[in-house]
Amino acid sequence: MRVASNMKGKICMITGANSGIGKATTLGLAEMDATVVMVCRSQKWGEDAREEIREKTGNQSIDLLIADLSSQKTIRQLVIDFKHKYQQLHVLINNAGVLLRKRSETIDGIETTFAVNALAPFLLTNLLLDTIKDSAPARIINVASATHNWSHLNFDELQSKQNYDAWTVYSQSKLALVLFTYELARRLKGTNVTVNCLHPGVIDTNIGSITHVEHPISSKSFNKLRRGAETSIYLATSPEVENVTEKYFIGKNPVKSSKESYNESFAQRLWQVSEKLTKLDKV
Ligand SMILES: NC(=O)c1ccc[n+]([C@@H]2O[C@H](COP(=O)([O-])OP(=O)(O)OC[C@H]3O[C@@H](n4cnc5c(N)ncnc54)[C@H](OP(=O)(O)O)[C@@H]3O)[C@@H](O)[C@H]2O)c1
């Protein structure tokens with residue numbers, strides 16, 4: 001097996017980088033000498049995590065951009081801020097995610113789980129696509145979940161207005177992310193930009209915790225978190241997958257995702273709905 005390449009000179013962006021799997025992924029990429037742009041919503045948690053990663057790895061090329069991905073205006077500002085500083089983006093990892101016990105709506109009036117887990121990756125990726133294509137070979141990685149297997153995309157209830165069950169809503173958002181991954185990969189054929197998604201395993205992180213008051217860089221066993229980051233790091237760095245696209249990975253293996261996730265007309269319809277909800281159709 002070929003080992004992961006040295007990532008010096010490669011610019012990687014990762015969302016939800018201050019805790020859990022995102023932080024462990026950032027650490028792994030930093031160890032390989034990549035320039036890593038951490039996207040976090042809390043300045044303090046972001047700075048604490050960045051300091052820890054810089055200290056642990058000696059890699060000073062760890063940047064921090066602050067953005068609450070539930071706000072489309074903030075995502076647009078994040079992209080402006082990024083493009084102001086960087087001309088290239090070789091790896092984008094859409095890692096941030098939420099599982100919320102109670103229904104809530106974002107500032108844009110969209111159900112929060114769907115907004116953060118599905119629409120934010122859609123908007124962020126599309127707004128960065130020109131830079132990503134110009135940086136090819138490049139890779140886009142979406143952190144999905146095996147829970148998508150038990151879901152069905154209900155276009156009449158994408159925002160769960162009638163019924164709200166945390167796991168059902170979470171699973172649907174992850175199915176949407178898998179459908180987005182495959183549709184984007186099809187649209188990017190021939191550009192030398194790959195798009196894949198993954199299930200990281202079941203890892204004890206902050207996601208779904210009842211109070212979410214625990215400091216994100218506290219007690220979770222770092223070895224376990226590293227295990228959760230393995231597939232993201234593999235897809236971001238390994239020469240073995242440089243030409244692999246439109247796949248769903250568990251560990252280092254491409255595996256079958258749910259039957260519905262391969263439905264191309266669903267994926268196209270979801271693309272159109274996502275464009276409308278993020279106002280990308282007006283650009
Ligand atoms: N852990 C598992 O077993 C498991 C299994 C399958 C899939 N996943 C997926 O793995 C990814 C990482 O989750 P994790 O398990 O590492 O949980 P985590 O520790 O809670 O990490 C989630 C990250 O997303 C960030 N985030 C949430 N909402 C955000 C927003 N509105 N704007 C910006 N950032 C936001 C969080 O920031 P804050 O710290 O500020 O909240 C945090 O950094 C998620 O997509 C999750 O769905 C996890």
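A crossover is termed right-handed if, with the strands pointing away from the viewer, the path from the first strand over the helix to the second runs clockwise. In this structure, S2, helix H2 (residues 43-57) and S3 form a right-handed β-α-β unit in that sense. The model is a predicted one, in which local features need pLDDT of at least 70 and side-chain atom pairs count only at pLDDT 80 or more, whereas totals for chains, interfaces and linings use all residues. Residue numbers start from 1 along each chain as its sequence is written. Helices (H or I, at least four residues) and strands (E, at least two) are DSSP runs numbered from the N terminus.

**Sheet architecture**

- An open sheet of 8 strands has the order S3-S2-S1-S4-S5-S6-S7-S8, with mixed pairing; two strands pair if DSSP finds at least two bridges between them.
- Its edge strands are strand S3 (62-66) and strand S8 (253-255), each of which pairs on one side only.
- Neighbouring strands of the sheet are turned against each other by 25° on average, direction ignored.
- Strand S1 (residues 11-15) pairs with strand S2 (residues 35-40) in the parallel sense over 5 bridges.
- Within this pairing, Ile 14 has Met 38 of S2 as its bridge partner, and Thr 15 has Val 39 of S2.
- S2 and S3 also pair in the parallel sense, over 5 bridges, and Val 37 stands opposite Asp 63 in S3.

**Burial of S2**

- S2 is largely enclosed by the rest of the structure, because 6 of its 6 residues are buried; a residue is buried if 20 or more other C-beta atoms lie within 10 Å of its own, exposed if 12 or fewer, and partly exposed in between, with C-beta atoms placed from the backbone.
- Both faces of S2 are covered: one side carries the buried residues Thr 35, Val 37 and Val 39, and the other carries Val 36, Met 38 and Cys 40, also buried.

- S1, H1 and S2 make a right-handed β-α-β unit.
- Helix H3 (residues 72-85) lies across S1, S2 and S3 and runs at about 150° to S3.

**Ligand shell**

- Among the 28 residues around the ligand, Gly 16, Gly 20, Gly 97, Thr 205 and Ile 207 come nearest; a residue is near a molecule or strand if its C-beta atom, placed from the backbone, lies within 6 Å of it.
- H1 gives the most to this shell, with 3 residues.
- The shell comprises 12 nonpolar, 14 polar and 2 charged residues; Ala, Val, Leu, Ile, Met, Phe, Trp, Tyr, Cys and Pro count as nonpolar, Asp, Glu, Lys and Arg as charged, and the others, Gly among them, as polar.

**Backbone features**

- A cis peptide bond with omega of about 5° joins Ala 136 and Pro 137, and Pro 137 lies in the loop between helix H4 (112-134) and S5.
- Asn 192, in the loop between helix H5 (166-187) and strand S6 (193-199), has a positive phi of about 70° although it is not a glycine.
- Asn 192 is partly exposed, with 15 other C-beta atoms within 10 Å.
- Lys 279, in the segment after helix H7 (264-277), has a positive phi of about 60° although it is not a glycine.
- Lys 279 counts as exposed, with 12 C-beta neighbours inside 10 Å.

**Two loop residues**

- Ala 96 is placed in the loop between S4 and H4 and counts as buried, with 27 C-beta neighbours inside 10 Å.
- Leaving aside neighbours within four places in sequence, Ala 96 is in contact with Thr 15, Gly 16, Gly 22, Leu 69 and Val 116.
- The C-alpha atoms of Ala 96 and Val 39 are separated by 8.9 Å, although these residues are 57 residues apart along the chain.
- Thr 147, in the loop between S5 and H5, is partly exposed, with 17 other C-beta atoms within 10 Å.
- Not counting residues up to four places away in sequence, Thr 147 touches Trp 167, Tyr 170, Ser 171 and Lys 174.
- Thr 147 and Ser 173 are 26 residues apart in sequence and 9.7 Å apart in space, C-alpha to C-alpha.

Technical notes
Axes are lines fitted to C-alpha atoms, for helices over the stretch in contact, and angles run from 0 to 180 degrees between N-to-C directions. Two residues are in contact if their C-beta atoms, placed from the backbone, lie within 7 Å.
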